Amino acid sequence: MPPRETPRNYLKLATALIGFVYLLQIFTPFRLDNDSVVYLRLGIEIAAGGHPRSPLPLGYPIFTGALDQLGMRWSFVFVLANCVFFAAGLYGLWDVFVRDKPARSWWIIVLSMLSYLSVKYITMSLPEPLFVGTSLISLALLSRAWVSAGRERFSLLIASAMMIGVSIAVRVVGCTLIPAFLLCCCFRPVEDGAPVLRMKARNWMLGMGGFACAGLIAAAALGQSLHQYRAGAALRYFSRGLAPYFFVHVAGMMVNLAGVGVNLPFFKFAAYGQVF
């Protein structure tokens, strides 16, 4: 077995310093954009006992509505909650890599905290920090379940299914976590490290039970939003033709991906290009 890496103290110090800078954002003005206003409006409607119809998942508005009912709808509470969600996601990311590559896991944490996307969303009322927290925690639970057995594995898989359900309720793209969950239920590592498929009925029952658990949690938050989501998607994707929108969307995603790779907000440069 190769020797374990030892994380450098400067990586831990950098993590602590960057985390302190994130916490200072609590005392800065709250940032709002069009999506933030929509999510806050949905939360207020839910807090008032309404049943909003929106193509947006209602997981995050339910959270903001709960803050409203508790009398905690202050800007610093939103930013602090985002910091907590983001920290939970970073812990999940760290837990996935720390067993074999401790130093690498700290590097991943530092680089994630320095991403302009992380800095952007931490001071806005958007569901991204909550989604990062729930989705990465679910992956950490799956990672632990992969090397566990018995009741511990069962508990970890059920907890992961619940986190996946919350992720879907926050962002529909969380459904991409379901295949990882089902594979973790049906595959187990053997001594030489190669995965083996176990076709036992118990594994399939566990997988279907976890899938149903995630589905119930997601359905409770999505509710009528699924019909609105389909209607909005049809209007957006097919009104001008699927193919033109597909290529434009893929091109935009590639630009954004390149921006994430070099840590520069390329989408901002398009507005500046009009000046020249």
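C175 is partly exposed, with a relative accessible area of 38%. In contrast to that value, C83 has a relative accessible area of 10% and is buried. The model that carries these residues is predicted.

**Overall composition**

- Of the 276 residues in the protein chain, 36% count as buried.
- Among contacts in the protein chain between residues at least 6 apart in sequence, 69% join residues at least 24 apart.
- A search of the whole structure returns 0 disulfides.

- C83 falls in the buried class because its relative accessible area of 10% is under the 20% cut-off.
- C175 counts as partly exposed because its relative accessible area of 38% lies between the 20% and 50% limits.

**Packing of α4 against α7**

- The axes of α4 and α7 come within 7 Å of each other and cross at roughly 25°.
- This angle makes α4 roughly parallel to α7, since the class takes in angles under 35 degrees.
- The crossing in which α4 passes α7 is left-handed.
- On the α4 side, the residues that meet α7 are N82, F85, F86, A88, G89, Y91, G92, L93, D95 and V96.
- On the α7 side, their counterparts are P129, L130, V132, G133, L136, I137, L139, A140, S143 and R144.
- By class, the residues of the contact of α4 with α7 divide into 13 nonpolar, 5 polar and 2 charged.

**Packing of α1 against α5**

- Helix α1 (residues 9-24) packs against helix α5 (residues 102-113) at an angle of about 25°, and their axes are 10 Å apart.
- With that angle, α1 is roughly parallel to α5.
- A left-handed crossing describes how α1 passes α5.
- In α1, the residues Y10, L11, K12, A14, T15, I18, G19 and Y22 take part, and they meet A103, W106, W107, I109, V110 and M113 in α5.
- The contact of α1 with α5 comprises 11 nonpolar, 2 polar and 1 charged residues.

**Packing of α7 against α9**

- Helix α7 (residues 128-146) also packs with helix α9 (residues 178-186), at an angle of about 15° and with the axes 10 Å apart.
- The two helices, α7 and α9, are therefore roughly parallel.
- Here too the crossing is left-handed, with α7 passing α9.
- L142, A145 and W146 of α7 make this contact with A180, F181 and C184 of α9.
- The residues of the contact of α7 with α9 are 6 nonpolar, with no polar and no charged members.

**Helix α3 and the residue G71**

- Helix α3 spans residues 59-69, and its buried residues are G59, Y60, P61, T64, G65 and L67.
- G71 follows α3 and has a positive phi, near 70°.

**F76 in helix α4**

- F76 is found in helix α4, which covers residues 75-97.
- The relative accessible area of F76 is 38%, so F76 is partly exposed.
- F76 and Q25 are 51 residues apart along the chain, and their C-alpha atoms are separated by 8.3 Å.

Technical notes. Residues numbered from 1 in each chain as written. Predicted model: local features only at pLDDT ≥ 70, side-chain atom pairs only at ≥ 80, totals over all residues. Heavy atoms only, no water. Disulfide = S-S within 2.5 Å. Buried < 20%, exposed > 50% of the residue type's maximum accessible area, 1.4 Å probe, protein only. Axes fitted to C-alpha atoms, helices over the stretch in contact; angles between N-to-C directions. Helix = DSSP H or I, 4+ residues; strand = E, 2+ residues; numbered from the N terminus. Parallel < 35°, antiparallel > 145°, perpendicular 65-115°, else oblique. Left-handed = near helix turned anticlockwise from the far one by under 90°. Contact = heavy atoms within 4.5 Å. Nonpolar A, V, L, I, M, F, W, Y, C, P; charged D, E, K, R; others polar.
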